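Please brief me on this fold before I open the viewer. Keep it short and sorted by topic.

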Amino acid sequence: MTDTDSDQAAPRDSALAIIREEHRMLRSVMQTLEQVVQELLNHHIDADHALIACMLYYIEDFPERCHHPKEDETLFRLLRERTSRADAVLDELQAQHVRSAQMMAYLQRSFVHYLGGAPDGLRHFADAVESYAAFLGDHMEQEENRVLPLAEKYLQPDDWQAIDTAFRANRDPLGGEQLQREFRKLKQRIANLLPRRLKPH
Ligand SMILES: [Fe+2]
Ligand SMILES: [Fe+2]
């Protein structure tokens with residue numbers, strides 16, 4: 001590999017690593033939420049509503065306010081400019097970004113209904129958590145397996161530079177480091193609130 005090749009590879013590798021890392025984080029929070037709800041259903045733990053609210057806030061804010069917009073505005077947009085081969089899957093995934101926000105709204109509503117004592121409230125909330133987790137998991141898998149390989153094939157060094165810059169700088173569209181600090185605190189709070197039996201060993 002020449003120096004030029006490695007210079008060009010750097011923003012691409014960095015952008016891909018950030019996207020995969022953000023997916024990994026989302027999967028892990030979703031998994032924890034599913035686990036907590038399952039434990040609640042099985043009456044293994046007392047209901048910790050603050051913990052659930054905290055995770056819902058995190059999950060809603062992170063994909064809706066940070067992750068999906070960055071994909072729409074950089075990765076997907078630039079890929080459409082370079083090739084039409086990704087159009088079908090990008091159409092599908094962008095529609096899923098809209099659907100994701102709707103499912104999240106339903107998830108929050110079902111949590112409020114559960115708190116308000118709706119009949120079968122916990123069961124409905126648990127179903128909504130499961131549907132959203134499956135939906136989001138499938139969405140990210142499609143991005144990783146169908147979009148990223150096409151991106152690696154068609155995007156040019158300048159594109160990767162723009163994507164890397166956006167994913168680094170726009171980790172928070174509302175104010176960079178400020179929100180990253182907010183998320184770090186939130187993650188810490190989730191970790192502290194987790195019942196001991198669910199904490200990672
Ligand atoms: Fe996405
Ligand atoms: Fe994504």
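How many residues does helix 2 have, and how far does helix 2 reach from its first C-alpha to its last? Helix 2 has 34 residues and reaches 47 Å. That is close to the 50 Å expected at 1.5 Å a residue, where the expected span is 1.5 Å times one less than the number of residues. This is a predicted model, in which local features need pLDDT of at least 70, side-chain atom pairs count only at pLDDT 80 or more, and totals for chains, interfaces and linings use all residues. Residues are numbered from 1 along each chain as its sequence is written, while chains are lettered from A and ligands numbered from 1 in the order in which they are written.

**Overall make-up**
- The protein chain has six helices and zero strands; helices (H or I, at least four residues) and strands (E, at least two) are DSSP runs, numbered from the N terminus.
- Of the 201 residues in the protein chain, 23% are buried.
- A residue is buried if 20 or more other C-beta atoms lie within 10 Å of its own, exposed if 12 or fewer, and partly exposed in between, with C-beta atoms placed from the backbone.
- Take the contacts between residues at least 6 apart in sequence: 79% of them join residues at least 24 apart. Two residues are in contact if their C-beta atoms, placed from the backbone, lie within 7 Å.

**Confidence**
- Mean pLDDT (the predictor's confidence in each residue, from 0 to 100) is 85 for the protein chain, and 82% of its residues reach 70 or more.
- Among the elements, helix 4 has the highest mean pLDDT (97) and helix 6 (residues 177-193) the lowest (64).
- Over residues 1-5, pLDDT stays under 50, and the model has one contact beyond four places in sequence for them.
- Where pLDDT is low, the predicted coordinates should not be read in detail.

**Nonpolar cores**
- A nonpolar core is a set of buried Ala, Val, Leu, Ile, Met, Phe, Trp, Tyr and Cys residues joined through C-beta atoms within 7 Å.
- The largest one has 20 residues; M30, L33, M55, F125, V129, Y132 and L136 have the most contacts inside it.
- Helix 1 (3-41), helix 2 (49-82), helix 3 (87-115) and helix 4 (121-154) each supply at least two residues of this core.
- Helix 4 gives the most to this core, with seven residues.
- Apart from this core lies another, of 14 residues, including I19, L75, F76 and A166.
- M30 touches I59, A133 and L136, leaving out residues up to four places away in sequence.

- Helix 4 has 34 residues and should span 50 Å at 1.5 Å a residue; its end C-alpha atoms are 48 Å apart, so the two agree.
- Helix 4 bends by about 35° at V147, and P149, a proline, follows within four residues. The bend at a residue is the angle between axes fitted to the seven residues ending there and the seven starting there.
- Why does V129 count as buried? V129 counts as buried because it has 23 C-beta neighbours inside 10 Å.
- V129 lies in helix 4 and touches L33, E34, V37 and L107, not counting residues up to four places away in sequence.

**Helices 2 and 3**
- Helix 2 bends by about 35° at D72.
- Helix 3 has 29 residues and reaches 42 Å from first C-alpha to last, close to the 42 Å expected.
- The buried residues of helix 3 pack against helix 2 and helix 4; among them are L90, S100 and F111.
- G117 follows helix 3 and has a positive phi, near 85°.
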